[in-house]
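Q: I have a structure open and want to learn how to read its contacts. Where do we start?

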Amino acid sequence: MPTIDIRLSDLESLLGAELPKEVDKLNEVLSFIKAGATPAGTGAGSIEDLRIELRDGNRPDLWSVEGMAVSLRGFLGIRRASRCRIAGSSGTTVSVDPRLKDIRPFICCSVVKGVKLTDNVIRGLMQLQEKLDETYGRRRRRTSIGLYDFDLVRPPLTYGVSRPDEFSFVPLGFSEKMTLGEILERHPKGVEYGHLIKHHPVWPILHDSRRNVLSLPPIINSNDLGRITEDTKNVLVEVTGTSGETVSNTLNIVTLSLAERRGSVYSVRVKYPYGGRRNVVTPILKPGRIKVSLSETSSLLGLPLSRRKVAELLERAGFRVLGAGRGSITVEVPFYRIDVMHPVDVMEDVAIAYGVNSMAPRWPSLVTIGALDPREKSKDLVRELMVGFGFQEVLTYVLTNKEDLFSKMNLGAQDVVEIANPRIATYNCLRSWLLPSLMAFLGQNTHVSYPQKIFEVGYCVVPDGREENGSRDVLKLACASIGPNAGFTEMKSVLHSLLLNLSRPYGLEETGHPSFIDGRCGRVIVGGEDVGVLGEINPTVLEAFGLSEPAAAFELELCEKLIGLG
Amino acid sequence: MAENAKKILLALGAAGGRRSVRDIAAATGLDIAAVTRGSLSLSERGLVAIEARRRPVARLTPEGESYARDGLPERRLLADLAKAGGRIRARDVPSVTSVQGSMVPVALGWLRKKNWARIRKEGGDSILEVERSPPAEGPDEELIRFLGERKSAYVDELGALSGALEVLAKRNLATVTEEAERDLVLTDSGRNALSGGIVLEEGVSSLTHNMLATGAWRKAKLRRYDIQASVAPTWPGKKQPYLRFLDDLKERLVGLGFKEMRGPIVELAFYNCDALYMPQDHPAREIHDVYYVKEPRAGEIGMPDVLDRVRRTHENGWRTGSKGWRYAYSLSEAKRLLLRSHTTAVSARMLLSERLEIPGKYYSIARCFRPDVVDRTHLTEFNQVEGIILGEGLSLQDLLGVLATFAVEIAGATKLRFVPDYFPFTEPSIELNAYKEGYGWVEFGGSGIFRPELTKPLGIDVPVLAWGLGADRLYMMKAKIDDIRALFTQDLDYLRGKELV
């Protein structure tokens, strides 16, 4: 979830209302828009500088202080609609090159004139741009934003293509001209986002009628035209991307913020050589409408609400009531509420406007019978027995590595489920058996007094092509005893008692297993099925785990044959 | 205490508290193996500590051993010369002695060095003269005899003979090697046990089967113990404390009418994400947030009709009343295999299960995986506790009631409050904050009502309340730990001694 830094006084002046100066109380207000504040300033007790956590990942319109103000007003009973409506045409057009169709097909722009930009406002805009590019824009793949000083640009604009060596310009933050190819190699943003266009022979370019470059979307703006300062009065906003709807939504959100800074919004005409509509005038600040059923709202909230009450709550939540039908209310969905895709999205805001802490919590009166999963039940029985034998239960990770699973256990590599994107090398596959985890545990405890007796009951994962998920979870028990007197006899005695108590007659067949000492190892057979292995640990294995005491262990698959479900 | 152990303890006490295993063996008359076994049992009880150290040991070389039997060559030569009259020409020496020819010059050299013979020039001949009475045994001879009898000896026990060792070593008749030696050291508990009195002969320190069977106990006087003497700890077999906490949680949930549900660790993206109405390009599905399986990359989705409904819901809302996410749904993305990243995947599978009952309450405690770097606050593998409640007419107020019950029953909260929250698969979504003495307001769980875009394609037509509990945090507060890694602790000492919560 995004966080942004704001000033409380700025939010107050945008709202036109005072807010509580105590964090807990302030957060009660902010909870209307699913936001939470923590003081970010240095002064003790000061809450002027705030870090705001915006929990709603689907509400990018809230990722600026201006957007927060727009949505909070209704909840605070401040009747002032957003200033964001189109004042006229900027007379600017953007011509789109047909070759962009398969590269980055969509662009839309707005011009916001007469904006009051301060250092603080510019920082807020940069934050908004960054969060939108990163999250909603999917790291600039889906959308990316550019802001320009409109007075430095000479329309009409061209959204065209360029070979890497064709155009050159001074990228933001640099002082020398670079070709597009050089930008991708040397500019930090070129390095970070270059992969989005590199594979194309020609790259997107936005330039004006003098062929002065505005930007290389989605990489970087021009340092000459694309730098907003406190002296900038008129701002050109441009968004390019791969999804027409997302590009338009992004432009609307940035335009909304600028309009709240006393800007007037002017439109731009985009001329496409492809797609259904050849001429598109942007921004498209068109509200939606949605029909909200009264009975569904009441039953979702669990409150009998009158039509009047619902209408009042809807208005508080920022939805203008357009009309009422039989058992329903139709509301206008503000253009910036891109999260609304189903009436439940509006109903939630009704609940928030009502106040979730004003509701009456009740335990649902459903008659159900609780039960453990049968497999978990058998697991608990086995754990209880192992504890009774004096073994300490341990808990280890399912994630491990082949070195521990096989090499250290004196085994050749076997098939396991491996991770495509491990974060660290020691956690790069899933364990197929438990004993290595126990050996690693013992290896961590060589300074602790012996004898040591430990066990774990846990899931292992084995590849299985017959399953729809390509693998099978296998519940296993492993236990180990280590110390001067640890040995085969002791562990066989534990195994014997365990299986006796599970009423499972078993056989032990001598077997060769490289993890164990030859001649001191057997396979455990229950109901004609191989369910595990018992033996004294091979000194090679002890050495590999840094152990210098003898050890013995067994591992059993807690399969149906062994724990018999039902 | 076994008889041997008592003997060892007494011998150790008599020797001042520290003695080598070898010495104790000599002092008790037990063999080395018996002393080793006895001292291990004493050390397990904390009465004796066993300390290993390295100690130089002297041994004869094969040549040295033969001289230990036959005498040094110079001694033998001297005897032969005396027998031959005590006066002899140097060139006649080999003919009168049993000393091997090649060794004669060496023996002659030592005769002169030890001053056992004089050499005079008479004409062209060298004449040797020796005393008739043999000179006394030198330290080198004493040592070679001693080592011959003992086979080996600690250098630090040689005393005055250690100078001779150097001589023998130089002559390559003896070698010195370092060997591990174990010392037994009486601990404080050991001293206490001794001062409590250990009686060997009477045999009445412990009651035996025999005494009871024969009635001999009536005449026996059972010795008093020093009940203050410290003892070695006994470690219990115990459940892992965090798992024990989760067991307790399960018990409470079952008590509240929840049935346990399960799902696989390796999951299809379809169940982990798509079926939960998470769009396929959602940031939480990127490689930074989900572990993907290397091979095979994809699995199979067994329910074609469900797949089709989910696809259409993503693309255009299908019949859910939603606009949908409006993008081209990819089947290969849906089939990708990953490690379950949240327990909601288990809930999705339950909603599709033939065993689903309506009304129903279900919970799962399941291992989940995310590519985080492990630190004080993050694990890359963790347990989530989550559940669903489904039934006709359930509402937000019911959801709040469930959360309130959990806060009181499970978290023991004194105050609680609800905060509107966001989850991709629920609407409305509510977070539960519980007030815990000493901690203040704590985020305790997240919850919501599943979106129609989730339930309808899975064939569910009743409201589904979904909740998740911050069980890890609750346990950490209970167990008073502030490092999440302690949940999977690898510290046996900690597990043995950790109080149960």
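Predicted model: local features only at pLDDT ≥ 70, side-chain atom pairs only at ≥ 80, totals over all residues.

Q: Which domains does the assignment give for chain A?
A: Domain 1 covers 3-75, domain 2 covers 86-282, domain 3 covers 290-355 and domain 4 covers 374-563.

Q: Now helices. How should I describe a packed pair?
A: Two packed helices are described by the angle between their axes and the distance between the axes. Here, take helix H3 (residues 65-75) and helix H7 (residues 244-260) of chain A. Their axes come within 8 Å and cross at roughly 80°. Angles of 65 to 115 degrees count as roughly perpendicular, so H3(A) and H7(A) are roughly perpendicular to each other.

Q: Which residues of H3(A) and H7(A) meet?
A: H3(A) brings A:Glu66, A:Gly67, A:Ala69 and A:Val70. H7(A) brings A:Ile253, A:Leu256, A:Ser257 and A:Glu260. By class, this contact of H3(A) with H7(A) has four nonpolar, two polar and two charged residues.

Q: Turn to chain B. How is chain B divided?
A: Into domain 1 (3-61 + 142-195), domain 2 (65-135) and domain 3 (242-264 + 340-497). The C-alpha centres of domain 1 and domain 2 of chain B lie 41 Å apart. Their contact takes six residues from domain 1 of chain B and four residues from domain 2 of chain B.

Q: Which helix gives the most to the domain 1 side of that contact in chain B?
A: Helix H8 (residues 139-150) of chain B, with four residues. The domain 1 side that touches domain 2 of chain B has four nonpolar residues, one polar and one charged.

Q: And between chains? How is the size of an interface given?
A: The size of an interface is often given as the accessible area lost when the parts come together. Here we count residues instead. The contact takes 74 residues from chain A and 85 residues from chain B.

Q: Which element supplies the largest share of the side of chain A that touches chain B?
A: H10(A), with six residues. Among the other elements of chain A that each supply at least two residues are helix H11 (374-388) and strand E22 (452-463). By class, the side of chain A that touches chain B has 37 nonpolar, 21 polar and 16 charged residues.

Key:
Residues numbered from 1 in each chain as written. Chains lettered and ligands numbered in written order. Contact = placed C-beta atoms within 7 Å. Nonpolar A, V, L, I, M, F, W, Y, C, P; charged D, E, K, R; others polar. Axes fitted to C-alpha atoms, helices over the stretch in contact; angles between N-to-C directions. Parallel < 35°, antiparallel > 145°, perpendicular 65-115°, else oblique. Domains from an automatic or database assignment.
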